[in-house]
Amino acid sequence: MLKTGLSLLAGSIMACSVLTGSALAASDGAAVYSTNCSVCHQAGGVGMPGQFPALKGRIDKIAATPEGKAYLADVVINGLHGPIQAGGASYVGFMPSFKGLPDEDLAAVLSYLTTLGGTAQTITADDIKTARSKPKKGAEMMAERNALNAAHPIP
């Protein structure tokens, strides 16, 4: 009986540590990136030439303005489809929406991506919440990108 009780206690402790670890990892931008973004944008955000644009050295520059932060939040909530210029190259692709992820995780991953450039920026869960409250369709996302690019050229 004592042996069974100890086994149950040990199992419960291990389950709690796994759950705690998962909760911690969920708010860690690098872990969120690795799980959800790196398959396309590759480890360290270096991208895949001709297929997926590099994020390293670009996201921090985009996030340097309030309009840029809003655009990035909109992209992770709504996705992005169609032809774009990024880092001097042309891409025609599809980035899915990640609206199924919590606001905190999306803010963490965007903030993490800014650390891969020259100047770390902070994107907050409130920034994501604002984007989530105003969903946009593909044409609206492209119009927002074009307007941002006209005001603050997107690298």
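Predicted model: local features only at pLDDT ≥ 70, side-chain atom pairs only at ≥ 80, totals over all residues.

Reader: Let me start with a detail: is Cys40 buried, partly exposed or exposed?

Author: Cys40 is partly exposed, with a relative accessible area of 26%; buried means under 20% relative accessible area, exposed means over 50%, and partly exposed lies in between, using a 1.4 Å probe and protein chains only. Residues are numbered from 1 along each chain as its sequence is written, and side-chain values use heavy atoms, with hydrogens and water left out.

Reader: OK, zooming out, how many helices and strands does the protein chain have?

Author: The protein chain has eight helices and two strands, where helices (H or I, at least four residues) and strands (E, at least two) are DSSP runs numbered from the N terminus. Along the sequence the pattern reads α-α-α-α-α-β-β-α-α-α. Of the 155 residues in the protein chain, 33% are buried. If we take contacts (heavy atoms within 4.5 Å) between residues at least 6 apart in sequence, 59% of them join residues at least 24 apart.

Reader: And the largest nonpolar core, which residues touch the most other members?

Author: Those are Ile62, Tyr71, Leu72, Leu80, Leu110 and Ile128, out of 30 residues in that core; a nonpolar core is a set of buried Ala, Val, Leu, Ile, Met, Phe, Trp, Tyr and Cys residues joined through side-chain atoms within 4.5 Å. Several elements each supply at least two residues of this core, among them helix H2 (29-36), helix H5 (66-78), strand E1 (80-86) and helix H8 (138-151). The largest share, six residues, comes from H5.

Reader: What does Ile128 touch?

Author: Not counting residues up to four places away in sequence, Ile128 touches Ala73, Val76, Ile77, Asp103, Leu106, Ala107, Leu110 and Ile123.

Reader: Some of those lead me to the H6 and H7 pair; at what angle do they pack?

Author: H6 and H7 pack at an angle of about 115°, with their axes 8 Å apart; the axes are lines fitted to C-alpha atoms, for helices over the stretch in contact, and angles run from 0 to 180 degrees between N-to-C directions. The contact is made by Asp103, Glu104, Leu106, Ala107 and Leu110 of H6 together with Ala125, Ile128, Lys129 and Arg132 of H7. These residues divide into five nonpolar, no polar and four charged, where Ala, Val, Leu, Ile, Met, Phe, Trp, Tyr, Cys and Pro count as nonpolar, Asp, Glu, Lys and Arg as charged, and the others, Gly among them, as polar.

Reader: Where does Ser111 sit, and what does it touch?

Author: Ser111 is in helix H6 and counts as buried at 17% relative accessibility. Beyond four places in sequence, Ser111 touches Gln121, Thr122 and Ile123.

Reader: And which residues is Lys69 in contact with?

Author: Lys69, in helix H5, is in contact with Ile62, Ala63, Gln121, Thr122, Ile123 and Asp127, leaving aside its neighbours within four places in sequence. Lys69 and Gln121 are 52 residues apart in sequence, yet their C-alpha atoms are 9.1 Å apart in space. Lys69 is partly exposed, with a relative accessible area of 22%.

Reader: Last one, on the backbone: what is phi of Gln42?

Author: Phi of Gln42 is near 70°, a positive value in a residue other than glycine. Most residues other than glycine have a negative phi. Gln42 lies in the loop between helix H3 (38-41) and H4, and is partly exposed at a relative accessible area of 26%.
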